[in-house]
Amino acid sequence: MLMQALQDLRNLNKEEITALCRELGWQSFRGGQVFSWVHAKGAASIEEMTNLSREQRQQLSEQYEIAPLVLLDSWQGDGGDTIKFLWQLADGNTVEQVLMFYAGENSRDRVSTCVSTQTGCAMGCKFCATAMCGRGRNLTVGEIVGQILLANGWSRNHGKPSITNVVYMGMGEPFANWDNVKKSLQILNDKNGLNIGWRRMTVSTCGLADKIKELAVEEFPLELSVSLHSADDEIRMALMPINKKYPLAVLMQACDAFTEKTGRRITYEYALFRDVNDRREDAEKLVRLLGGRLAFVNLIPANPVEEAGFFPSKRERIKEFADILEKNHIAVAVRVSRGQDIEAACGQLKRRNQGGDPKENVGKKAEV
Ligand code: SAH
């Protein structure tokens, strides 16, 4: 008999799980139960679904499983407030995820996780450690949602609050895997799942303008972050090859369409690299580009990628850059870089694990 590979239940949304239970001949409320086990409680196996009968669990297991994400390694930084996970997927590929705890305003803690959408990245940004991991493959819906479910379980097991925010800013380009990313967002947003609000989910792109336009047309209500890094076509082209396909004028047109349709302010990520994009004239160009637009600039002290010749800007330079934006009424924040002591920038951990960077002694291993 030909053995068929088991399918990952985490790939399925509520409608699909409900349809599956119906096909199995179960009562209609079973769909909700199974969905809740998979996407709210974060069950690691069908065996855990104890409100199903043993026969039902057996029946489900004949075609389905919950594909494991194996924790290869994890590190803690920032006094335990930043945890980095390295997951191994069923095919042996690895991806990174970061979990960050922020002390609450109004006694509400923010727990944010930064998830991967691909095992590498084809976009080729010159300063990015993930790009150096190669093109990789798209993650499945289950592999994306699984990261959040497992990190949530980790948090619970350590007496910490549940995840409140998800940022698609780990390894990969989310818009290059949009179908799976979109479905994962819908699952995370489901009231019977983790019920994470649209405003608490951010997708970050290197600038795939066509997809941004699509979001505008669909009026997809998520938070959008655009990795800009330069307001000058020539510099941006040298940093980010995608700028050849979608130069700034095209990108900004798409961004305008998005803000017009959704009324949402876009966050522009701008990592400051010493003497590359951090000079006064660079700040002034950024003012000219974003002036009059509904924009928020996130200035990121860059993570050094020394082998590629990128070094972080000096602190005074970052402050000067921020001051120029502020004086010109561009909303700006300097992001406090989390996880520097554990190399929490995308791709850095994976590369080290692959032997890409021999640096040792990075942070303390987390107990899992
Ligand atoms: N592909 C998406 C999301 C993943 S990258 C995107 O480009 O937005 C997440 C963020 O980290 C992006 O803003 C990316 O430009 C930034 N980044 C990559 N390498 C960096 C580095 N060395 N220093 C600072 N930020 C970096």
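## Packing of α4 and α5

In this predicted model, helix α4 (residues 141–157) and helix α5 (residues 178–189) pack at an angle of about 40°, with their axes 8 Å apart. The two helices are therefore oblique to each other, a label for angles that are not under 35 degrees (roughly parallel), over 145 (roughly antiparallel) or 65 to 115 (roughly perpendicular). Axes are lines fitted to C-alpha atoms, for helices over the stretch in contact, and angles run from 0 to 180 degrees between N-to-C directions; helices (H or I, at least four residues) and strands (E, at least two) are DSSP runs, numbered from the N terminus.

On the α4 side, Val141, Ile144, Val145 and Ile148 meet Asn180, Val181, Lys183, Ser184, Ile187 and Leu188 of α5, where contact means heavy atoms within 4.5 Å.

## Salt bridges

The structure holds 18 salt bridges, each defined as a side-chain nitrogen of Lys or Arg within 4 Å of a carboxyl oxygen of Asp or Glu. One of them joins the side chains of Lys84 and Glu96 at 2.6 Å, N to O. This pair links distant parts of the chain, with Lys84 in strand β4 (residues 82–88) and Glu96 in strand β5 (residues 94–105), 12 residues apart.

## Confidence and conventions

The chain averages a pLDDT (the predictor's confidence in each residue, from 0 to 100) of 91, and 89% of the residues score at least 70. Over residues 356–368 pLDDT stays under 50, and for this stretch the model has 31 contacts beyond four places in sequence.

Local features need pLDDT of at least 70 and side-chain atom pairs count only at pLDDT 80 or more, whereas totals for chains, interfaces and linings use all residues. Residues are numbered from 1 along each chain as its sequence is written, and side-chain values use heavy atoms, with hydrogens and water left out.
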